[in-house]
Amino acid sequence: MEFEDVKLETAGYSMYYGDFQALRDVDIQIPRNRITAVIGPSGCGKSTFLRTFNRMNDLISGVSVEGDVYIDDQDVFKMDPVELRHCVGMVFQRPNPFPKSIFDNVAYGPRSHGMRDRAELAEIVERSLRDAALWDEVKDDLNKSGLELSGGQQQRLCIARALAVEPDVILMDEPASALDPVATLKIEELIRELKKTYTIVIVTHNMQQAARVSDYTAFFMMDEDNRAGYLVEYGPTGRIFTNPQHEMTERYITGRFG
Amino acid sequence: MSEHTARSEDITRESVSFLHMLKLATLAGSSEEKTDLARRRLIQTFAFVLLWLSGIAAVAILLAVVGYVVAQGAKVVNLEFLTTPPAGGLAASDVGGMSTTVVSTVYLVFWTIVIAGPLGVLAAIYLVEYAEEVEGRTGLIPLLVSVVRFAVEILAGVPSIIFGLFGYALFVSAKGLGWSFSLRSAAVTGACLVLPVIIRASEEAIRAVPRSYREGSLALGATKWQTTWKVVLPAAAPGVITGIVLSVGRVISETAVFFVTFGGTVRAPDTVFDLSSPGRSMALHVYYLAMETRAFDKAMGTGAVLIVTIILINLSINVISRRLTARLGGR
């Protein structure tokens, strides 16, 4: 797949946990302001792949990489990880609001980047909460602890928190897997809304979810011998789901394995 | 691991005895099953009684000590006792109250915690957040880290008089420092004494902060220090504060260390900044009254005040950490 407007790109990217190869030779281009879904069976390296783009894998000792990863043609491994994470936000599988008030949760990022002006912070918090479709539910008790919200609200709070630092890219690691169906639909609606402004990469286990929300889908598998993850097929979501090129992709999306 | 083994053993044992019972039931009818049940019931009752008695005995011993001291002390404790200084001099120190020893204790606690608190908490942060990155590697820093960890373990178990000896040799009598018996000698030595307590409590609290908080903060582009300071430490606060308050109790009740570093004069330092003056803490006062002047009633009175203080401190730990946890957790 070649794109006109590429936001994220990897070339010959391999990644190792110590001696174990987690990803092998991934070449992919992720377009700007689109939603790209990453699907594949458990253990195929989807999350590891996602965490490449904000270098969260750096936090694990013994990790080494080969190949190149770019954001806007800049080599992410040459960037300062703190600066990189300013442009690449992340939403985790389990909602992880800080044990702080709703306001402080959202204001945390901007404050970390040096914002002190109260009025401006309040503005950012409101805008982020609105963009995350949470404002109407919480506007009257912004001083309430973030942990008091329901699971779905907590996840939207985490999305608001990520939006508050005004990233270009949002990585989502199975953002709805810990939520009930109603909350899941809300999150999906939100994700579709967000692609106007952001480039979104979403890892999901849920085939229907990938089909519902994404523009492009990347299917990962793991090698049968050494369990290294690799990219099998990548293309427009419609084509991947209706006319997959690889037999493995077809078997996976029709639920015959994985 | 051992828990798993124990559980599976339990299950095996249970199924074996179940089979055994089935066999008994088919072979010998239900009468033998009943005797077996009666025997187990009897053992159960016996164990239950034993547990109850142990519990009651433990509580009784505790109440006896606290009750006796408080009851004896109540005879002499009144407002005047609390507000007059001891008369001073070995022969006459059974005259007067205990006011200056309260003041000395407060000053001592203040400085000990001012020194050991920040140092202990920062050391704990280092051990959990920074040192663990180098663990498993070789080189000078990992070696240093394991030495620090080992030292903290050992220090926590060293008898307090050893700390006293160290403080006496280094701060009180050494030619270089020559601080003699003084608030600063006592405070620095006391800080050494409680440092391991604060480090271990803080370490445990910091380690218990979920990894997801750290990841969430770092993913927002916060630096490691911002993450530690703004997210990890506040989340660990109840545990850290518990460690510090426990140290306050430790300083208040410590005798041996301050016997050889604080001096023992009945006059308190003039102000909290009067670092070069000696003094006498409450616990030390109990010792002097009992052993030097044989004023047992006043020793009991001081002891009662001491015990009540410790009880209040422990209650305050519960209240503080529950409030903080409630505020952080929102429930």
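This is a predicted model: local features need pLDDT of at least 70, side-chain atom pairs count only at pLDDT 80 or more; totals for chains, interfaces and linings use all residues.
Helix α8 of chain B (residues 211–219) has five residues to look at first: Arg214(B), Gly216(B), Ser217(B), Leu218(B) and Ala219(B) are its buried ones.

**Around α8 of chain B**

- Once α8(B) is done, Gly221(B) follows, and its phi is positive, near 85°.

**Where chain A touches chain B**

- On the chain A side, 25 residues are in contact with 18 residues of chain B.
- Four elements of chain A give two or more residues to that side: α2 (81–87), β6 (88–91), α3 (102–112) and α6 (151–163).
- Sorted by class, the side of chain A that touches chain B comes out as 11 nonpolar, nine polar and five charged residues.

**Chain B overall**

- Chain B is built with 12 helices and zero strands.
- Of the 331 residues in chain B, 34% are buried.
- Take the contacts in chain B between residues at least 6 apart in sequence: 71% of them join residues at least 24 apart.

**α3 and its helix partners in chain A**

- With α6(A), the α3(A) axis comes within 7 Å, and the two cross at roughly 35°.
- The crossing in which α3(A) passes α6(A) is right-handed.
- On the α3(A) side the contact uses Ile102(A), Asn105(A), Val106(A), Tyr108(A) and Gly109(A), while α6(A) brings Leu157(A), Ala160(A) and Arg161(A).
- By class, that contact of α3(A) with α6(A) has five nonpolar, two polar and one charged residues.
- With α4(A), the packing angle of α3(A) is about 110° and the axes are 9 Å apart.
- That angle is why α3(A) and α4(A) count as roughly perpendicular to each other.
- Here too the crossing is right-handed, with α3(A) passing α4(A).
- The residues in this contact are Phe103(A), Val106(A), Ala107(A) and Pro110(A) from α3(A), plus Leu121(A), Ile124(A), Val125(A), Ser128(A) and Leu129(A) from α4(A).
- The class count for α3(A) against α4(A) is eight nonpolar, one polar and no charged residues.
- Val106(A) is listed in the contact with α6(A) and again in the contact with α4(A).

- Val138(A) sits in helix α5 of chain A.
- Is Val138(A) buried or exposed? It counts as buried, because it has 21 C-beta neighbours inside 10 Å.
- Leaving aside residues up to four places away in sequence, Val138(A) touches Ile102(A) and Leu129(A).
- Of those two, Ile102(A) belongs to the α3(A) side of the contact with α6(A), and Leu129(A) to the α4(A) side of the contact with α3(A).
- Ala133(A) is in the loop between α4 (118–131) and α5 (135–138) of chain A.
- Ala133(A) isn't a glycine, yet its phi is positive at about 55°.
- With 18 other C-beta atoms within 10 Å, Ala133(A) is partly exposed.

**Strand β9 of chain A**

- Seven of the seven residues of β9(A) are buried, so the strand is largely enclosed by the rest of the structure.
- One side of β9(A) carries Tyr216(A), Ala218(A), Phe220(A) and Met222(A), the other Thr217(A), Phe219(A) and Met221(A), and both faces are covered.
- In a regular strand, side chains alternate between the two faces of the sheet.
- Strand β3 (residues 35–39) of chain A runs parallel to β9(A), joined by four bridges.
- Within that pairing, Val38(A) has Ala218(A) as its bridge partner in β9(A).
- β10(A) pairs with β9(A) in the antiparallel sense over seven bridges.
- Across from Thr217(A) stands Gly235(A) in β10(A).
- The hairpin of β9(A) and β10(A) has six residues between the strands, and Arg227(A) takes a positive phi near 60° there.
- Arg227(A) is not a glycine either, and it is partly exposed, with 13 other C-beta atoms within 10 Å.

How values were computed. Residues are numbered from 1 along each chain as its sequence is written. Chains are lettered from A and ligands numbered from 1 in the order in which they are written. Two residues are in contact if their C-beta atoms, placed from the backbone, lie within 7 Å. Ala, Val, Leu, Ile, Met, Phe, Trp, Tyr, Cys and Pro count as nonpolar, Asp, Glu, Lys and Arg as charged, and the others, Gly among them, as polar. A residue is buried if 20 or more other C-beta atoms lie within 10 Å of its own, exposed if 12 or fewer, and partly exposed in between; C-beta atoms are placed from the backbone. Axes are lines fitted to C-alpha atoms, for helices over the stretch in contact, and angles run from 0 to 180 degrees between N-to-C directions. A crossing is left-handed if the near helix is turned anticlockwise from the far one by less than a right angle, and right-handed if clockwise. Two strands pair if DSSP finds at least two bridges between them. Angles under 35 degrees count as roughly parallel, over 145 as roughly antiparallel, 65 to 115 as roughly perpendicular and the rest as oblique.
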